[in-house]
Amino acid sequence: MQEIIILGRGGQGAQTAGNLLAQTFFSQGYFVQTFATYGGARRGTPVSASLRIDDRPIRLRCNIESADAMLCFDDSLLDGNFLRFASSNALIVVNSTRPTEDFSEMGEYRIIPVDGVAIARDNHMGKVVNSALLGAFAATFAQPDIDTLCRVVEVSAPVKKENNVASCRQGYLQTHT
Amino acid sequence: MSYTAKRLLLTGNHAVAWAVKRVRPHVAPLYPITPQTPILEKLTDFQSKGELEGTELLTPESEHSAMAACISASLTGVRVFTATSSQGLLLMHELLHYAAGARARIVLFNVNRTPASPWGFWPDQLDSLSQRDTGWVQLYSESPQESLDTTIQAYRIAELIGVPIMISHDAFYVSHAMEPVEVPSQQQVDEFLPPFACDHFLDPKRGQSFGAPLDQQNWNRSRREMAAAMARVFAAVTDAGKKWGETSGRDYAPLECYRMDGATTVIVTMGSMCGTAREAVDALQDKGNRVGLLKVRLFRPFPVAALKEALAGVSCAIVLDRNFSCGLGGILHQELKAALYGLKPAPKIHGLLSGVGGVNVSVNKIKQWVSEYAGAVPVNESLWVE
(Lines give C-alpha, C1' and ligand atoms only; values in the text may rest on other atoms or scores of the structure.)
Protein backbone atom coordinates (compact mmCIF):
# COMPACT_ATOMS: atom_id res chain seq x y z
CA MET A 1 0.00 0.00 0.00
CA GLN A 2 1.12 3.53 -0.69
CA GLU A 3 -0.14 6.50 1.27
CA ILE A 4 -0.14 10.09 0.04
CA ILE A 5 -1.15 13.31 1.80
CA ILE A 6 -2.00 16.47 -0.14
CA LEU A 7 -1.72 19.72 1.78
CA GLY A 8 -3.09 23.04 0.75
CA ARG A 9 -5.12 26.04 1.79
CA GLY A 10 -8.89 26.04 1.43
CA GLY A 11 -9.78 27.06 -2.14
CA GLN A 12 -6.45 26.00 -3.75
CA GLY A 13 -7.81 22.70 -5.04
CA ALA A 14 -5.98 20.25 -2.76
CA GLN A 15 -9.14 18.19 -2.29
CA THR A 16 -9.82 18.19 -6.02
CA ALA A 17 -6.23 17.09 -6.59
CA GLY A 18 -6.81 14.16 -4.21
CA ASN A 19 -9.92 13.13 -6.14
CA LEU A 20 -8.14 13.44 -9.49
CA LEU A 21 -5.23 11.31 -8.32
CA ALA A 22 -7.68 8.73 -6.94
CA GLN A 23 -9.60 8.68 -10.24
CA THR A 24 -6.35 8.18 -12.14
CA PHE A 25 -5.09 5.28 -10.01
CA PHE A 26 -8.61 3.80 -10.09
CA SER A 27 -8.64 3.92 -13.91
CA GLN A 28 -5.31 2.11 -13.84
CA GLY A 29 -6.97 -0.75 -11.96
CA TYR A 30 -5.82 0.01 -8.41
CA PHE A 31 -7.94 -0.02 -5.29
CA VAL A 32 -7.98 3.49 -3.85
CA GLN A 33 -9.39 5.34 -0.88
CA THR A 34 -9.40 9.11 -0.55
CA PHE A 35 -10.85 11.42 2.06
CA ALA A 36 -10.39 15.08 2.87
CA THR A 37 -10.81 17.37 5.83
CA TYR A 38 -14.20 19.04 5.87
CA GLY A 39 -16.54 20.98 8.08
CA GLY A 40 -14.22 23.50 9.68
CA ALA A 41 -12.41 24.10 6.37
CA ARG A 42 -12.60 27.65 5.02
CA ARG A 43 -10.80 29.53 2.28
CA GLY A 44 -7.21 30.08 3.33
CA THR A 45 -7.12 27.67 6.26
CA PRO A 46 -4.94 24.56 5.99
CA VAL A 47 -6.77 21.58 4.45
CA SER A 48 -5.58 18.14 3.58
CA ALA A 49 -6.61 15.20 1.47
CA SER A 50 -5.47 11.66 2.11
CA LEU A 51 -5.06 8.95 -0.51
CA ARG A 52 -4.32 5.24 -0.20
CA ILE A 53 -3.45 3.05 -3.19
CA ASP A 54 -3.21 -0.72 -3.12
CA ASP A 55 -3.61 -3.77 -5.30
CA ARG A 56 -6.14 -5.24 -2.87
CA PRO A 57 -9.24 -3.76 -1.22
CA ILE A 58 -8.41 -1.13 1.39
CA ARG A 59 -9.92 -1.74 4.83
CA LEU A 60 -8.14 0.87 6.94
CA ARG A 61 -10.44 3.60 8.28
CA CYS A 62 -8.01 5.86 10.08
CA ASN A 63 -5.66 8.75 9.37
CA ILE A 64 -2.40 8.44 7.47
CA GLU A 65 0.41 8.69 10.01
CA SER A 66 3.44 7.84 7.90
CA ALA A 67 2.90 9.01 4.34
CA ASP A 68 5.10 7.72 1.53
CA ALA A 69 4.64 11.01 -0.30
CA MET A 70 3.22 14.49 0.14
CA LEU A 71 2.07 17.06 -2.35
CA CYS A 72 2.12 20.50 -0.75
CA PHE A 73 0.39 23.47 -2.40
CA ASP A 74 2.00 26.14 -0.20
CA ASP A 75 5.54 26.04 1.21
CA SER A 76 4.46 28.01 4.29
CA LEU A 77 2.54 24.90 5.38
CA LEU A 78 5.65 22.74 5.35
CA ASP A 79 6.47 22.58 9.04
CA GLY A 80 6.53 20.07 11.87
CA ASN A 81 2.72 20.09 12.22
CA PHE A 82 2.37 18.32 8.89
CA LEU A 83 5.81 16.76 8.42
CA ARG A 84 5.19 14.51 11.43
CA PHE A 85 2.70 12.62 9.26
CA ALA A 86 5.36 11.88 6.60
CA SER A 87 7.64 8.85 6.71
CA SER A 88 11.29 9.75 7.38
CA ASN A 89 12.32 9.37 3.73
CA ALA A 90 9.06 10.60 2.16
CA LEU A 91 8.98 12.27 -1.22
CA ILE A 92 7.59 15.78 -0.83
CA VAL A 93 6.64 17.83 -3.88
CA VAL A 94 6.07 21.44 -2.85
CA ASN A 95 4.79 24.44 -4.73
CA SER A 96 7.62 26.92 -4.14
CA THR A 97 9.98 29.32 -5.88
CA ARG A 98 12.68 28.58 -3.33
CA PRO A 99 15.70 26.41 -4.25
CA THR A 100 16.01 22.80 -3.03
CA GLU A 101 18.80 23.76 -0.60
CA ASP A 102 16.31 25.88 1.34
CA PHE A 103 14.57 22.70 2.48
CA SER A 104 17.65 20.66 3.38
CA GLU A 105 17.34 21.40 7.11
CA MET A 106 13.94 19.78 7.35
CA GLY A 107 15.16 16.19 7.58
CA GLU A 108 15.83 13.16 5.43
CA TYR A 109 12.84 13.85 3.18
CA ARG A 110 13.27 14.07 -0.57
CA ILE A 111 11.84 17.55 -1.06
CA ILE A 112 11.27 18.71 -4.64
CA PRO A 113 10.23 22.36 -5.05
CA VAL A 114 8.18 23.11 -8.16
CA ASP A 115 7.17 26.59 -9.30
CA GLY A 116 3.53 25.68 -9.88
CA VAL A 117 2.51 29.34 -10.15
CA ALA A 118 4.89 29.92 -13.08
CA ILE A 119 3.63 26.82 -14.87
CA ALA A 120 0.03 27.86 -14.29
CA ARG A 121 0.80 31.36 -15.60
CA ASP A 122 2.49 29.94 -18.72
CA ASN A 123 -0.74 28.09 -19.45
CA HIS A 124 -3.14 30.98 -18.73
CA MET A 125 -4.38 29.30 -15.55
CA GLY A 126 -3.94 32.32 -13.26
CA LYS A 127 -3.32 31.07 -9.74
CA VAL A 128 -4.87 27.66 -10.29
CA VAL A 129 -1.91 25.38 -9.66
CA ASN A 130 -3.39 21.95 -9.06
CA SER A 131 -3.02 20.56 -12.59
CA ALA A 132 0.63 21.70 -12.75
CA LEU A 133 1.42 20.22 -9.35
CA LEU A 134 -0.29 16.92 -10.22
CA GLY A 135 1.91 16.64 -13.32
CA ALA A 136 5.02 17.38 -11.26
CA PHE A 137 3.94 14.85 -8.65
CA ALA A 138 3.39 12.13 -11.27
CA ALA A 139 6.91 12.77 -12.61
CA THR A 140 8.68 12.53 -9.26
CA PHE A 141 6.54 9.77 -7.68
CA ALA A 142 6.86 7.82 -10.98
CA GLN A 143 3.10 7.25 -10.95
CA PRO A 144 0.34 7.53 -11.91
CA ASP A 145 0.75 7.30 -15.67
CA ILE A 146 0.85 10.85 -17.09
CA ASP A 147 -1.39 10.13 -20.08
CA THR A 148 -4.08 8.63 -17.83
CA LEU A 149 -3.73 11.58 -15.47
CA CYS A 150 -4.13 14.07 -18.33
CA ARG A 151 -7.26 12.26 -19.53
CA VAL A 152 -8.77 12.43 -16.03
CA VAL A 153 -7.87 16.14 -15.77
CA GLU A 154 -9.47 16.76 -19.16
CA VAL A 155 -12.71 14.98 -18.25
CA SER A 156 -12.93 16.52 -14.78
CA ALA A 157 -11.94 20.16 -15.43
CA PRO A 158 -15.12 22.26 -15.43
CA VAL A 159 -13.50 24.98 -17.59
CA LYS A 160 -10.23 25.56 -19.50
CA LYS A 161 -9.81 21.86 -20.23
CA GLU A 162 -6.94 22.36 -22.70
CA ASN A 163 -5.07 24.74 -20.42
CA ASN A 164 -5.41 22.34 -17.49
CA VAL A 165 -4.04 19.46 -19.52
CA ALA A 166 -1.18 21.58 -20.89
CA SER A 167 -0.35 22.75 -17.37
CA CYS A 168 -0.36 19.16 -16.09
CA ARG A 169 1.90 17.99 -18.90
CA GLN A 170 4.30 20.91 -18.47
CA GLY A 171 4.50 20.19 -14.74
CA TYR A 172 5.38 16.62 -15.62
CA LEU A 173 7.98 17.40 -18.29
CA GLN A 174 9.64 20.16 -16.29
CA THR A 175 10.05 17.95 -13.22
CA HIS A 176 10.79 14.66 -14.96
CA THR A 177 14.41 13.58 -14.59
CA MET B 1 -28.88 -15.17 -13.55
CA SER B 2 -26.02 -12.76 -14.09
CA TYR B 3 -26.33 -9.02 -13.75
CA THR B 4 -24.25 -6.13 -14.94
CA ALA B 5 -23.17 -4.37 -11.79
CA LYS B 6 -20.87 -1.42 -12.39
CA ARG B 7 -17.91 -0.36 -10.32
CA LEU B 8 -17.79 3.36 -9.56
CA LEU B 9 -15.55 5.52 -7.42
CA LEU B 10 -18.00 6.76 -4.76
CA THR B 11 -17.98 8.26 -1.29
CA GLY B 12 -20.01 6.48 1.38
CA ASN B 13 -22.71 9.13 1.08
CA HIS B 14 -22.91 8.90 -2.70
CA ALA B 15 -23.07 5.11 -2.39
CA VAL B 16 -26.18 5.57 -0.24
CA ALA B 17 -27.70 7.92 -2.84
CA TRP B 18 -27.08 5.25 -5.50
CA ALA B 19 -28.87 2.70 -3.32
CA VAL B 20 -31.85 5.05 -3.03
CA LYS B 21 -31.87 5.60 -6.78
CA ARG B 22 -32.01 1.83 -7.28
CA VAL B 23 -34.70 1.27 -4.60
CA ARG B 24 -36.87 4.06 -6.04
CA PRO B 25 -38.78 4.95 -2.86
CA HIS B 26 -42.00 6.86 -3.50
CA VAL B 27 -41.29 9.66 -1.06
CA ALA B 28 -37.99 11.03 0.29
CA PRO B 29 -38.28 13.96 2.72
CA LEU B 30 -34.81 15.35 3.44
CA TYR B 31 -33.20 18.23 5.26
CA PRO B 32 -29.48 19.00 4.76
CA ILE B 33 -26.92 18.75 7.53
CA THR B 34 -23.15 18.24 7.52
CA PRO B 35 -21.95 15.51 6.96
CA GLN B 36 -25.13 14.00 5.49
CA THR B 37 -25.67 16.72 2.87
CA PRO B 38 -23.89 14.90 0.00
CA ILE B 39 -26.66 12.26 0.11
CA LEU B 40 -29.30 14.93 -0.51
CA GLU B 41 -27.08 16.70 -3.06
CA LYS B 42 -26.56 13.52 -5.07
CA LEU B 43 -30.29 12.72 -5.00
CA THR B 44 -31.17 16.21 -6.27
CA ASP B 45 -28.47 15.77 -8.92
CA PHE B 46 -30.13 12.51 -10.03
CA GLN B 47 -33.50 14.23 -9.99
CA SER B 48 -32.28 17.15 -12.11
CA LYS B 49 -31.12 14.67 -14.73
CA GLY B 50 -34.46 12.86 -14.69
CA GLU B 51 -32.89 9.79 -13.10
CA LEU B 52 -35.04 9.66 -9.99
CA GLU B 53 -38.34 8.80 -11.57
CA GLY B 54 -41.08 7.74 -9.21
CA THR B 55 -39.52 9.44 -6.18
CA GLU B 56 -41.01 12.60 -4.76
CA LEU B 57 -38.21 14.55 -3.05
CA LEU B 58 -39.55 16.81 -0.31
CA THR B 59 -37.38 19.43 1.36
CA PRO B 60 -39.31 20.64 4.41
CA GLU B 61 -38.11 23.26 6.89
CA SER B 62 -36.54 20.99 9.48
CA GLU B 63 -35.64 17.42 10.32
CA HIS B 64 -38.65 17.25 12.63
CA SER B 65 -40.89 18.06 9.68
CA ALA B 66 -38.96 15.66 7.46
CA MET B 67 -39.68 12.81 9.87
CA ALA B 68 -43.33 13.90 10.17
CA ALA B 69 -43.57 13.68 6.39
CA CYS B 70 -41.84 10.28 6.45
CA ILE B 71 -44.36 8.90 8.91
CA SER B 72 -47.44 10.12 7.09
CA ALA B 73 -46.09 9.03 3.72
CA SER B 74 -45.12 5.61 5.06
CA LEU B 75 -48.55 5.08 6.61
CA THR B 76 -50.16 5.43 3.21
CA GLY B 77 -48.31 2.24 2.32
CA VAL B 78 -45.40 3.45 0.21
CA ARG B 79 -41.62 3.18 0.40
CA VAL B 80 -39.96 6.09 2.19
CA PHE B 81 -36.35 7.23 2.59
CA THR B 82 -34.73 9.94 4.64
CA ALA B 83 -31.21 10.75 5.81
CA THR B 84 -29.79 12.91 8.55
CA SER B 85 -27.01 13.25 11.10
CA SER B 86 -26.32 14.34 14.65
CA GLN B 87 -28.42 17.45 15.53
CA GLY B 88 -30.86 16.51 12.80
CA LEU B 89 -31.45 13.04 14.21
CA LEU B 90 -31.79 14.51 17.69
CA LEU B 91 -34.38 17.00 16.45
CA MET B 92 -36.32 14.02 15.05
CA HIS B 93 -36.25 12.28 18.41
CA GLU B 94 -39.89 12.78 19.40
CA LEU B 95 -41.08 11.46 16.07
CA LEU B 96 -38.69 8.51 16.06
CA HIS B 97 -40.75 7.13 18.93
CA TYR B 98 -43.93 7.94 17.03
CA ALA B 99 -42.72 6.22 13.86
CA ALA B 100 -41.82 3.03 15.69
CA GLY B 101 -45.13 2.94 17.58
CA ALA B 102 -47.06 3.51 14.35
CA ARG B 103 -45.02 0.69 12.76
CA ALA B 104 -44.01 3.00 9.90
CA ARG B 105 -41.63 1.15 7.58
CA ILE B 106 -39.22 4.05 7.12
CA VAL B 107 -35.58 3.61 6.10
CA LEU B 108 -33.41 6.34 7.59
CA PHE B 109 -29.72 6.77 6.87
CA ASN B 110 -27.80 8.49 9.63
CA VAL B 111 -24.23 9.76 9.38
CA ASN B 112 -22.69 9.40 12.84
CA ARG B 113 -21.43 12.78 13.99
CA THR B 114 -20.62 14.30 17.39
CA PRO B 115 -23.65 16.06 18.92
CA ALA B 116 -23.14 19.66 20.06
CA SER B 117 -21.97 21.14 22.31
CA PRO B 118 -19.06 21.69 21.69
CA TRP B 119 -19.62 22.00 17.96
CA GLY B 120 -17.86 19.37 15.87
CA PHE B 121 -18.16 17.34 12.70
CA TRP B 122 -16.40 14.21 13.85
CA PRO B 123 -17.32 10.54 13.74
CA ASP B 124 -18.95 9.47 17.01
CA GLN B 125 -21.91 7.14 17.37
CA LEU B 126 -23.62 8.85 20.30
CA ASP B 127 -26.21 10.50 18.05
CA SER B 128 -27.76 7.20 16.92
CA LEU B 129 -26.92 5.15 20.02
CA SER B 130 -28.82 7.67 22.14
CA GLN B 131 -31.89 6.76 20.04
CA ARG B 132 -31.60 3.09 20.94
CA ASP B 133 -34.81 3.02 22.98
CA THR B 134 -37.02 4.56 20.29
CA GLY B 135 -38.01 1.20 18.79
CA TRP B 136 -36.02 1.49 15.56
CA VAL B 137 -33.91 -1.31 14.19
CA GLN B 138 -30.28 -0.12 14.12
CA LEU B 139 -27.60 -1.34 11.74
CA TYR B 140 -24.01 -0.03 11.61
CA SER B 141 -21.98 0.00 8.41
CA GLU B 142 -18.23 -0.25 7.98
CA SER B 143 -17.72 0.88 4.37
CA PRO B 144 -19.34 2.68 1.42
CA GLN B 145 -20.08 -0.69 -0.19
CA GLU B 146 -21.75 -1.98 2.95
CA SER B 147 -23.78 1.23 3.26
CA LEU B 148 -25.13 0.79 -0.27
CA ASP B 149 -25.86 -2.90 0.23
CA THR B 150 -27.46 -2.40 3.65
CA THR B 151 -29.75 0.40 2.46
CA ILE B 152 -31.21 -1.96 -0.14
CA GLN B 153 -31.56 -4.83 2.34
CA ALA B 154 -33.21 -2.53 4.90
CA TYR B 155 -36.37 -2.15 2.78
CA ARG B 156 -36.81 -5.91 2.66
CA ILE B 157 -36.43 -6.19 6.44
CA ALA B 158 -38.61 -3.17 7.28
CA GLU B 159 -41.43 -4.31 5.01
CA LEU B 160 -41.37 -7.91 6.17
CA ILE B 161 -41.46 -7.09 9.88
CA GLY B 162 -43.24 -3.72 9.93
CA VAL B 163 -40.54 -1.68 11.65
CA PRO B 164 -38.56 1.47 10.89
CA ILE B 165 -34.84 0.95 10.25
CA MET B 166 -31.93 3.28 10.90
CA ILE B 167 -28.58 2.57 9.26
CA SER B 168 -25.54 4.51 10.38
CA HIS B 169 -22.05 5.00 9.04
CA ASP B 170 -19.26 7.05 10.57
CA ALA B 171 -18.72 10.61 9.40
CA PHE B 172 -15.56 11.25 7.46
CA TYR B 173 -13.97 7.77 7.41
CA VAL B 174 -17.01 6.34 5.57
CA SER B 175 -19.30 9.23 4.63
CA HIS B 176 -16.54 11.18 2.85
CA ALA B 177 -14.17 8.35 1.94
CA MET B 178 -14.20 7.77 -1.81
CA GLU B 179 -13.44 4.25 -2.97
CA PRO B 180 -14.51 1.64 -5.54
CA VAL B 181 -18.14 0.59 -5.00
CA GLU B 182 -20.10 -2.03 -6.96
CA VAL B 183 -23.45 -0.53 -7.95
CA PRO B 184 -26.01 -3.25 -8.65
CA SER B 185 -28.17 -3.15 -11.75
CA GLN B 186 -31.75 -1.90 -11.60
CA GLN B 187 -33.05 -5.36 -12.44
CA GLN B 188 -31.03 -6.90 -9.63
CA VAL B 189 -32.55 -4.55 -7.06
CA ASP B 190 -36.07 -4.82 -8.51
CA GLU B 191 -35.91 -8.59 -8.19
CA PHE B 192 -34.55 -8.40 -4.64
CA LEU B 193 -37.27 -5.97 -3.55
CA PRO B 194 -40.70 -7.15 -4.62
CA PRO B 195 -43.42 -4.48 -4.93
CA PHE B 196 -44.35 -3.20 -1.50
CA ALA B 197 -47.78 -4.17 -0.24
CA CYS B 198 -49.07 -3.89 3.30
CA ASP B 199 -52.38 -4.74 4.95
CA HIS B 200 -52.83 -1.57 6.92
CA PHE B 201 -52.49 1.82 5.29
CA LEU B 202 -54.15 5.20 5.30
CA ASP B 203 -56.69 5.76 2.56
CA PRO B 204 -59.69 8.10 2.87
CA LYS B 205 -61.82 5.46 1.16
CA ARG B 206 -61.02 2.83 3.77
CA GLY B 207 -61.44 4.79 6.99
CA GLN B 208 -58.52 3.28 8.93
CA SER B 209 -56.46 5.28 11.39
CA PHE B 210 -53.13 5.12 13.20
CA GLY B 211 -52.08 6.43 16.58
CA ALA B 212 -55.49 6.87 18.19
CA PRO B 213 -55.49 7.20 22.02
CA LEU B 214 -55.62 3.80 23.72
CA ASP B 215 -56.33 2.64 27.25
CA GLN B 216 -53.50 1.32 29.39
CA GLN B 217 -54.04 -2.29 28.49
CA ASN B 218 -53.97 -1.69 24.77
CA TRP B 219 -50.97 0.65 25.01
CA ASN B 220 -49.24 -2.14 26.88
CA ARG B 221 -50.28 -4.52 24.09
CA SER B 222 -48.73 -2.23 21.46
CA ARG B 223 -45.35 -2.64 23.18
CA ARG B 224 -45.77 -6.40 23.39
CA GLU B 225 -46.49 -6.46 19.68
CA MET B 226 -43.40 -4.34 19.00
CA ALA B 227 -41.36 -6.73 21.12
CA ALA B 228 -42.68 -9.67 19.10
CA ALA B 229 -41.77 -7.85 15.89
CA MET B 230 -38.27 -7.07 17.18
CA ALA B 231 -37.82 -10.73 18.01
CA ARG B 232 -38.22 -11.54 14.31
CA VAL B 233 -35.68 -8.98 13.12
CA PHE B 234 -32.53 -11.07 13.66
CA ALA B 235 -33.79 -13.78 11.32
CA ALA B 236 -34.97 -11.19 8.78
CA VAL B 237 -31.58 -9.43 8.79
CA THR B 238 -29.86 -12.82 8.39
CA ASP B 239 -32.13 -13.79 5.52
CA ALA B 240 -31.86 -10.44 3.72
CA GLY B 241 -28.06 -10.55 4.05
CA LYS B 242 -27.91 -14.07 2.61
CA LYS B 243 -30.33 -13.33 -0.22
CA TRP B 244 -28.40 -10.20 -1.14
CA GLY B 245 -25.23 -12.30 -1.11
CA GLU B 246 -26.79 -14.70 -3.62
CA THR B 247 -27.40 -11.92 -6.12
CA SER B 248 -24.42 -9.64 -5.40
CA GLY B 249 -21.71 -12.00 -4.14
CA ARG B 250 -21.52 -10.01 -0.90
CA ASP B 251 -22.96 -11.79 2.15
CA TYR B 252 -24.00 -10.00 5.30
CA ALA B 253 -25.00 -11.19 8.77
CA PRO B 254 -26.15 -9.49 11.97
CA LEU B 255 -22.75 -10.30 13.50
CA GLU B 256 -19.53 -11.05 11.68
CA CYS B 257 -16.86 -13.25 13.22
CA TYR B 258 -13.54 -12.34 11.60
CA ARG B 259 -10.71 -14.81 12.21
CA MET B 260 -12.32 -15.93 15.45
CA ASP B 261 -11.55 -19.65 15.01
CA GLY B 262 -9.34 -20.52 17.96
CA ALA B 263 -9.15 -16.88 19.07
CA THR B 264 -8.72 -16.40 22.81
CA THR B 265 -8.98 -12.61 22.64
CA VAL B 266 -11.69 -10.90 20.59
CA ILE B 267 -12.02 -7.23 19.68
CA VAL B 268 -15.70 -6.20 19.65
CA THR B 269 -16.69 -3.03 17.83
CA MET B 270 -19.07 -1.36 15.34
CA GLY B 271 -18.84 0.82 12.26
CA SER B 272 -15.68 2.07 10.61
CA MET B 273 -13.31 0.93 13.35
CA CYS B 274 -13.99 -2.66 12.22
CA GLY B 275 -11.92 -2.08 9.08
CA THR B 276 -8.88 -0.88 10.98
CA ALA B 277 -9.38 -3.68 13.53
CA ARG B 278 -9.22 -6.28 10.70
CA GLU B 279 -5.74 -5.03 9.81
CA ALA B 280 -4.72 -5.17 13.49
CA VAL B 281 -6.08 -8.72 13.78
CA ASP B 282 -4.17 -9.85 10.67
CA ALA B 283 -0.94 -8.30 11.97
CA LEU B 284 -1.38 -9.89 15.40
CA GLN B 285 -2.25 -13.30 13.94
CA ASP B 286 0.83 -13.13 11.71
CA LYS B 287 2.87 -12.95 14.91
CA GLY B 288 1.08 -15.97 16.37
CA ASN B 289 -1.43 -14.11 18.57
CA ARG B 290 -4.87 -15.72 18.77
CA VAL B 291 -6.89 -12.54 18.26
CA GLY B 292 -10.14 -12.14 16.32
CA LEU B 293 -12.75 -9.49 15.59
CA LEU B 294 -16.47 -9.60 16.36
CA LYS B 295 -18.22 -6.97 14.29
CA VAL B 296 -21.62 -5.92 15.62
CA ARG B 297 -23.62 -4.90 12.56
CA LEU B 298 -27.07 -5.24 14.12
CA PHE B 299 -27.24 -3.21 17.32
CA ARG B 300 -31.05 -3.07 17.79
CA PRO B 301 -32.46 -5.54 18.48
CA PHE B 302 -29.28 -6.37 20.41
CA PRO B 303 -28.41 -9.90 19.24
CA VAL B 304 -28.01 -11.36 22.72
CA ALA B 305 -28.20 -15.06 21.85
CA ALA B 306 -25.81 -14.73 18.91
CA LEU B 307 -23.34 -12.70 20.98
CA LYS B 308 -23.38 -15.38 23.68
CA GLU B 309 -22.77 -18.04 21.09
CA ALA B 310 -19.98 -16.10 19.39
CA LEU B 311 -18.14 -15.33 22.62
CA ALA B 312 -18.63 -18.66 24.41
CA GLY B 313 -15.19 -20.08 25.16
CA VAL B 314 -13.37 -16.83 24.41
CA SER B 315 -11.23 -15.78 27.36
CA CYS B 316 -11.12 -12.02 26.76
CA ALA B 317 -13.30 -9.50 24.90
CA ILE B 318 -11.98 -5.98 24.30
CA VAL B 319 -14.78 -3.58 23.37
CA LEU B 320 -13.86 -0.47 21.39
CA ASP B 321 -16.50 2.25 21.79
CA ARG B 322 -16.76 5.35 19.63
CA ASN B 323 -19.34 6.92 21.95
CA PHE B 324 -19.63 7.84 25.60
CA SER B 325 -22.76 7.67 27.72
CA CYS B 326 -21.97 10.16 30.43
CA GLY B 327 -22.29 8.54 33.85
CA LEU B 328 -22.15 5.00 32.48
CA GLY B 329 -19.39 4.55 29.88
CA GLY B 330 -19.16 3.00 26.46
CA ILE B 331 -22.61 1.90 25.31
CA LEU B 332 -21.48 -1.24 23.45
CA HIS B 333 -19.35 -2.21 26.46
CA GLN B 334 -22.23 -1.84 28.90
CA GLU B 335 -24.76 -3.61 26.68
CA LEU B 336 -22.37 -6.47 25.97
CA LYS B 337 -21.77 -7.03 29.68
CA ALA B 338 -25.53 -7.17 30.27
CA ALA B 339 -26.02 -9.54 27.32
CA LEU B 340 -23.39 -11.98 28.58
CA TYR B 341 -24.72 -11.96 32.14
CA GLY B 342 -25.02 -15.54 33.33
CA LEU B 343 -22.88 -17.00 30.52
CA LYS B 344 -20.46 -19.58 31.92
CA PRO B 345 -17.61 -19.43 31.35
CA ALA B 346 -17.91 -15.77 30.33
CA PRO B 347 -15.02 -13.85 28.80
CA LYS B 348 -13.32 -11.12 30.77
CA ILE B 349 -14.64 -7.89 29.27
CA HIS B 350 -12.62 -4.70 28.90
CA GLY B 351 -14.38 -1.56 27.67
CA LEU B 352 -12.18 1.03 26.02
CA LEU B 353 -13.41 4.54 25.22
CA SER B 354 -11.22 4.56 22.17
CA GLY B 355 -12.73 6.65 19.42
CA VAL B 356 -14.86 9.18 21.33
CA GLY B 357 -15.11 12.51 19.49
CA GLY B 358 -13.72 10.95 16.34
CA VAL B 359 -10.13 10.72 17.58
CA ASN B 360 -7.96 8.66 15.30
CA VAL B 361 -7.87 4.93 16.05
CA SER B 362 -4.90 3.42 14.22
CA VAL B 363 -3.78 -0.17 13.73
CA ASN B 364 -0.87 0.42 16.10
CA LYS B 365 -3.16 1.69 18.85
CA ILE B 366 -5.41 -1.36 18.57
CA LYS B 367 -2.40 -3.67 18.69
CA GLN B 368 -1.11 -1.80 21.72
CA TRP B 369 -4.48 -2.08 23.54
CA VAL B 370 -4.67 -5.80 22.83
CA SER B 371 -1.22 -6.38 24.34
CA GLU B 372 -2.07 -4.13 27.28
CA TYR B 373 -5.51 -5.51 28.15
CA ALA B 374 -5.65 -9.13 26.92
CA GLY B 375 -4.06 -10.42 30.12
CA ALA B 376 -5.25 -7.68 32.47
CA VAL B 377 -7.87 -7.92 35.21
CA PRO B 378 -11.05 -6.30 33.89
CA VAL B 379 -12.84 -3.49 35.69
CA ASN B 380 -16.53 -2.66 35.58
CA GLU B 381 -16.03 0.85 34.17
CA SER B 382 -15.16 1.76 30.61
CA LEU B 383 -11.64 3.17 30.43
CA TRP B 384 -10.38 6.24 28.60
CA VAL B 385 -7.48 5.23 26.42
CA GLU B 386 -5.07 7.05 24.12
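In this predicted model, start with one pair of residues: Ile6(A) has Ala49(A), in strand E3(A), as its bridge partner. Strand E1 of chain A, residues 2–9, runs antiparallel to E3(A), and eight bridges join the two.

E3(A) has another partner. Strand E2 of chain A, residues 31–36, is also antiparallel to E3(A), with six bridges between them. Here Phe31(A) is bridged to Asp54(A) of E3(A).

How buried is strand E3 of chain A? Eight of its nine residues, in the stretch 46–54, are buried, so the rest of the structure largely encloses this strand. Buried here means under 20% relative accessible area.

Now turn to the cores. The largest nonpolar core holds 52 residues. Leu43(B), Phe81(B), Ile152(B) and Ile165(B) have the most contacts inside it. Take Ile152(B). A second core is separate and has 43 residues, including Ala14(A), Leu20(A), Val47(A) and Val93(A).

Finally, look at where the two chains meet. On chain A, 21 residues are in contact with 30 residues of chain B. The size of an interface is often given as the accessible area lost when the parts come together. For chain A and chain B this is about 2200 Å², with 58% of it on carbon and sulfur atoms.

Charged side chains meet here too. Four salt bridges are counted between the chains. One of them links Arg59(A) and Asp282(B), at 2.6 Å from N to O. On the side of chain A that touches chain B, E2(A) gives the most, with six residues.

Terms used
Residues are numbered from 1 along each chain as its sequence is written. Chains are lettered from A and ligands numbered from 1 in the order in which they are written. This is a predicted model: local features need pLDDT of at least 70, side-chain atom pairs count only at pLDDT 80 or more; totals for chains, interfaces and linings use all residues. Side-chain values use heavy atoms; hydrogens and water are left out. A nonpolar core is a set of buried Ala, Val, Leu, Ile, Met, Phe, Trp, Tyr and Cys residues joined through side-chain atoms within 4.5 Å. Buried means under 20% relative accessible area, exposed over 50%, partly exposed in between (1.4 Å probe, protein chains only). Helices (H or I, at least four residues) and strands (E, at least two) are DSSP runs, numbered from the N terminus. Two strands pair if DSSP finds at least two bridges between them. Contact means heavy atoms within 4.5 Å. Buried area is the accessible area (1.4 Å probe) that two parts lose on being put together, summed over both.
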